[in-house]
Amino acid sequence: MNKNEKFTLAGGAGQMEGVLDHPKHAPRGIALVAHPHPLYGGTMDNKVAVTLARTFVNLGYVVARINFRGVGASEGVHDHGVGETDDMAVLHAWMTTKYPGLPVALAGFSFGTFVQSQLAPRLAAAGTPAERLVLVGAAAKKWDMAAIPADTILIHGENDDTIPLIDVLDWLRPQDIPVIVIPGADHFFHRKLQHIKSWVTQLWQRGGDVAEMETDTAAAD
């Protein structure tokens, strides 16, 4: 990662601490990364959140991460995703003012996927839809995940015992959205983080989704 810049931003419950991760050149887009559950040790420095940030920096995006309420130097207390979604909306407004005209990607891990799934329809209703979502370890059945766009990139661990794969499949089945399953991966993708980077990079550079890749493969066969 080329440059880290710490910042503070006023949220609904007080000051939020965050980090901007800058690409080498002028950014082609903005990525907002949301971390896992604050009450179980989740912070913006979580290794999956950092992997997502590094991946987007390599893709040319300027990345913003914040500590949710009550985490690190961020003020306030955990608000079960409601206040956290509001704070992510504040971050979105700040970043789009700071970098006007750039598309915005939403990425999250575990609890952070719930926050981003709530933020996405809010942005769409406001006429500023996200470019795309990346959800790793989607929090299906843990929280009330909203319906997501068809081109969302979903990555899940085969051996996730925090959010079982079957729960994610049950959530996605009515939406007919595929998920990338990493064999042998646990919830935190121990020794499997490279797969997150690889899949997000491939799909982002192609500009397509998993279903399109399947179609392309079938056509080649």
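## The opening hairpin

Phe7 sits opposite Gly18 of strand 2. This is a predicted model, and that pair belongs to an antiparallel arrangement in which strand 1 (residues 3–11) and strand 2 (residues 14–22) are held together by nine bridges. Getting from strand 1 to strand 2 takes a hairpin of two residues.

## Two nonpolar cores

Now for the packing. The largest nonpolar core has 38 residues, and the members that touch the most others are Leu32, Met88, Leu91, Met95, Leu154 and Trp171. Helix 3 (residues 111–125) is the top contributor to this core, giving six residues. There's also a second, separate core with 26 residues, including Val48, Phe56, Ile155 and Trp204. As background, nonpolar side chains in soluble globular proteins tend to be buried together.

What does Trp171 contact once neighbours within four places in sequence are set aside? The list runs to Leu135, Ala138, Ala140, Met145, Ala146, Ile148 and Leu154. Leu154 also turns up beside Trp171 among the residues touching the most other members of the largest core.

## Helix 5 and what follows

Helix 5 covers residues 193–206, 14 residues in total. From first C-alpha to last it reaches 20 Å, close to the 20 Å expected at 1.5 Å a residue.

Which residues of helix 5 are buried? They are Ile196, Val200, Thr201, Leu203 and Trp204. An α-helix has 3.6 residues a turn, so residues three or four places apart point the same way. Just past the end of helix 5, Gly207 adopts a positive phi of about 75°.

How values were computed
Residues numbered from 1 in each chain as written. Predicted model: local features only at pLDDT ≥ 70, side-chain atom pairs only at ≥ 80, totals over all residues. Heavy atoms only, no water. Pairing = 2+ DSSP bridges. Helix = DSSP H or I, 4+ residues; strand = E, 2+ residues; numbered from the N terminus. Core = buried A, V, L, I, M, F, W, Y, C linked by side-chain atoms within 4.5 Å. Buried < 20%, exposed > 50% of the residue type's maximum accessible area, 1.4 Å probe, protein only. Contact = heavy atoms within 4.5 Å. Expected span 1.5 Å × (residues − 1).
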